[in-house]
Amino acid sequence: MKQQTRQKAFTLSALLGFALAGVATANPIIEVVPDTIDTDTTWDSDTDGDGVVDKIYFMSEAAFVGDFFDGSTRPTLTIAPGTVIAAVGANTGNSGLDVGALVIAQTGAINAEGTADNPIIFTSAAEAEFLYGVDVDGDSVVNSTKPDPIGGDADGSDGGAWGGVIILGNAPINYYNTPTNNLNSNTVEGFAKNLAGDDILYGGDDPADNSGIFRYVSIRFGGFEFATDEEINGLTMAGVGSGTTIDHVEVVANTDDGFEWFGGTVNTSHLFALYCQDESFDFDEGHQGTHQFFFAVQSNLSDNGTEADGGNRTGTGVKDGEPLTNTKIYNATYVGAPGSADAFRLKDNFAGQFHNSIFASTGDDLMRIDDNATIGQVGVNLLFTNNLWGTPGGDQTNNDPTSADAGVVARAQAEADVLAQTGNVLDAEIQFTEIARNAAGEVSVIDPRPVLGSSAWGTALTAGAPEAVDYRGAFGRGNWAAGWTYADLNGIVNGPMLVERGVVELTSSSFDGTTFTINFVAEPGASYKVTQSSTLNGAFTDVDGAVLLDAPAAASISFAPPAAPKLFFRIEKAEE
């Protein structure tokens with residue numbers, strides 16, 4: 001017989017100081033990045049290995065990585081953990097080349113492998129100056145004001161200060177110039193084609209193309225608009241192949257999309273779009289990757305949660321050719337704002353899928369479908385199953401089912417059909433562990449883990465996810481956004497101090513500014529202890545004086561906050 005379990009709680013008091021580990025006491029030096037990197041190159045902000053940032057890399061124009069001679073080599077830019085790259089956007093000019101951005105060309109590769117303890121940071125010169133107290137952009141002024149990411153509040157966003165990161169690969173795309181001819185190649189948006197030339201091409205015939213590694217990276221305050229509708233996304237993946245590794249990437253306050261895919265086959269996981277002002281996630285041109293653990297927190301300046309297109313065309317081309325955009329996404333969590341737009345806008349023969357996800361607080365409508373080609377994919381390739389849908393600010397469907405226009409009615413019916421697919425729950429009560437909003441209704445603090453008793457747990461799930469989990473949404477009992485994201489360091493994602501190691505079943509946690517409470521399921525007769533570490537993956541040591549009381553859900557302990565950066569805690573079984 002299975003033993004009954006009981007719930008217990010530890011109450012901890014700890015310091016939530018959001019100081020950045022590794023901020024230098026002496027001013028870092030500034031290294032200006034050239035516009036062309038055509039040999040293997042390494043960037044490292046910790047030149048002497050003491051864990052302190054002593055160099056900041058500065059981009060005042062687009063920097064291209066690749067072999068621009070004959071393409072016979074594939075030079076790699078290696079970026080060491082903890083490296084800081086700052087950039088600006090030009091005040092004048094309309095080519096995109098004069099905007100600080102990192103472009104990994106088809107003939108180049110990236111090896112940017114940060115860690116949970118030491119992420120790589122791309123940010124605006126303004127934030128780098130605020131953090132490190134040094135004149136980064138050479139204007140003889142050191143910014144002392146913390147940049148504002150949220151956008152919809154009274155101060156406005158400080159996004160759009162530079163470009164972003166662009167990876168261009170050789171995997172297949174969908175770009176037709178006649179009804180039957182797929183060019184399988186295009187030029188990436190954000191640059192004037194006549195000036196950037198072949199350096200901005202993407203697409204090809206290698207589905208397994210490898211552009212390198214990009215993980216544990218935070219991209220902040222980008223999306224510079226050099227011309228109308230010509231912004232650069234936070235992270236652009238164009239024709240990127242499945243040999244490329246991309247996971248644990250955060251985009252903050254980008255004025256265009258957080259993440260956008262143009263064709264390609266790359267698979268990703270653990271992506272976080274925070275307060276981005278266009279879509280959080282955007283798919284185009286026959287993207288075929290499989291993805292898991294997407295997290296979006298929107299502001300009142302945000303557009304749709306996801307815009308998804310099928311094909312693209314030029315001249316007399318069509319948008320319903322192959323490859324289809326048949327991407328599959330598992331375990332997403334989207335949290336909207338009153339001023340954000342629809343959860344989904346689907347068009348141009350989109351044929352993708354979303355499963356086992358949570359879509360909460362949508363500002364406008366849940367589902368919008370724009371065309372007959374996409375209607376034809378509903379129930380065939382276009383599948384949304386086992387998702388929780390919170391009550392939207394607008395309607396469930398974007399098109400009016402009572403319209404006199406038969407086309408509008410058909411689109412409304414297709415939208416309703418998507419929402420009615422297997423396992424979807426409408427008007428679901430989304431029970432996050434914690435959520436708070438500012439006066440404008442935008443999320444200011446969130447612990448995105450669902451409480452144990454919520455409908456995110458213990459329900460039927462759609463099979464096929466790269467990692468098998470037992471919950472809907474991007475988070476279960478642990479918090480993969482802890483320790484390395486801007487959102488964590490700035491107190492937007494709460495519950496960061498709780499680290500799950502699979503020892504006990506955690507149910508919830510809360511922090512009231514002074515006291516941190518962890519609830520978990522305990523085995524009868526077992527003893528437990530609280531341990532702490534100053535780093536996410538470091539050695540955990542016992543918390544002095546931690547005592548678990550016998551009364552269920554009443555055990556608690558408190559201690560004086562240490563004079564140190566934030567700590568991480570976990571619950572472990574005590575040795576008998």
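1. Confidence. The model is predicted, and the average pLDDT of the chain is 86, with 82% of the residues scoring at least 70. Two stretches call for care. Residues 496-502 stay under 50 in pLDDT, although the model has 30 contacts for them beyond four places in sequence. Residues 549-565 are also below 50, and this stretch has 42 contacts in the model beyond near neighbours in sequence. Where pLDDT is low, the predicted coordinates should not be read in detail.

2. The ten-stranded sheet. An open sheet with parallel pairing is formed by ten strands, in the order E3-E6-E9-E12-E19-E21-E23-E25-E28-E31. Its edges are strand E3 (36-37) and strand E31 (367-369); each has a single partner strand, so one side of each is left without a neighbour in the sheet. Within the order, strand E12 (residues 165-168) pairs with strand E19 (residues 235-238) in the parallel sense over four bridges.

3. Strand E5 and its partners. E5 covers residues 55-59, and five of its five residues are buried. Burial applies to both faces: Lys55, Tyr57 and Met59 lie on one side, and Ile56 and Phe58 on the other. E5 pairs in the parallel sense with strand E2 (residues 29-32) over four bridges, and Ile29 stands opposite Lys55. E5 also pairs in the parallel sense with strand E8 (residues 84-87), again over four bridges. There the bridge partner of Ile56 is Val84 in E8.

4. Which element holds Ser45? The residue is in the loop between strand E4 (41-43) and E5. Ser45 has a relative accessible area of 1% and is therefore buried. Its side chain reaches the backbone oxygen of Lys55 at 2.6 Å. Beyond four places in sequence, Ser45 touches Val52, Val53, Asp54, Lys55, Tyr57, Gly82, Thr83 and Val84. Of these, Lys55 and Tyr57 are on one face of E5, and Val84 is the bridge partner of Ile56.

5. Nonpolar cores. The largest nonpolar core has 59 residues, and Leu102, Phe122 and Phe214 are those with the most contacts inside it. Apart from this core lies another, of 32 residues, with Phe221, Val252, Phe293 and Val335 among them. For Leu102, the residues touched beyond four places in sequence include Trp43, Met59, Leu77, Ile110, Phe122 and Ile166. Met59 among these belongs to a face of E5 that is covered.

6. Aromatic pairs around Trp261. The model has 28 aromatic pairs. A pair of aromatic rings is described by the distance of the centres and the angle of the planes. For Trp261 and Phe281 the centres are 6.5 Å apart and the planes are at 25°, so the pair counts as stacked. The two residues are 20 apart in the chain, Trp261 in strand E21 (residues 259-262) and Phe281 in strand E23 (residues 281-284). Trp261 is buried at a relative accessible area of 0%, and Phe281 is buried with a value of 0%. Trp261 and Phe294 also form a stacked pair, with centres 5.8 Å apart and planes at 15°. This second pair spans 33 residues, from Trp261 in E21 to Phe294 in strand E24 (residues 290-297). Phe294 is likewise buried, at 0% relative accessibility. Trp261, Phe281 and Phe294 belong to a cluster linked by ring pairs, whose other members include Phe259, Phe283, Tyr334, Phe344 and Trp389.

7. Ala337. Is Ala337 buried or exposed? Its relative accessible area is 1%, under the 20% limit, so Ala337 is buried. The residue sits in the loop between strand E27 (328-335) and strand E28 (344-347). Its contacts, leaving aside neighbours within four places in sequence, are Gln298, Ser299, Asn300, Ser361, Gly363, Arg437, Gly441 and Glu442. Ala337 and Ala360 are 23 residues apart in sequence, and their C-alpha atoms are 9.2 Å apart.

How values were computed:
Residues are numbered from 1 along each chain as its sequence is written. This is a predicted model: local features need pLDDT of at least 70, side-chain atom pairs count only at pLDDT 80 or more; totals for chains, interfaces and linings use all residues. Side-chain values use heavy atoms; hydrogens and water are left out. A nonpolar core is a set of buried Ala, Val, Leu, Ile, Met, Phe, Trp, Tyr and Cys residues joined through side-chain atoms within 4.5 Å. Buried means under 20% relative accessible area, exposed over 50%, partly exposed in between (1.4 Å probe, protein chains only). Contact means heavy atoms within 4.5 Å. Two strands pair if DSSP finds at least two bridges between them. A polar contact is a pair of N or O atoms within 3.5 Å; within protein, one must be able to donate a hydrogen and the other to accept it, and residues adjacent in sequence count only if both atoms are side-chain atoms. Rings of Phe, Tyr and Trp (its six-membered ring) pair if their centres lie within 6.5 Å; planes under 30 degrees apart count as stacked, over 60 as edge-to-face and the rest as tilted. pLDDT is the predictor's confidence in each residue, from 0 to 100.
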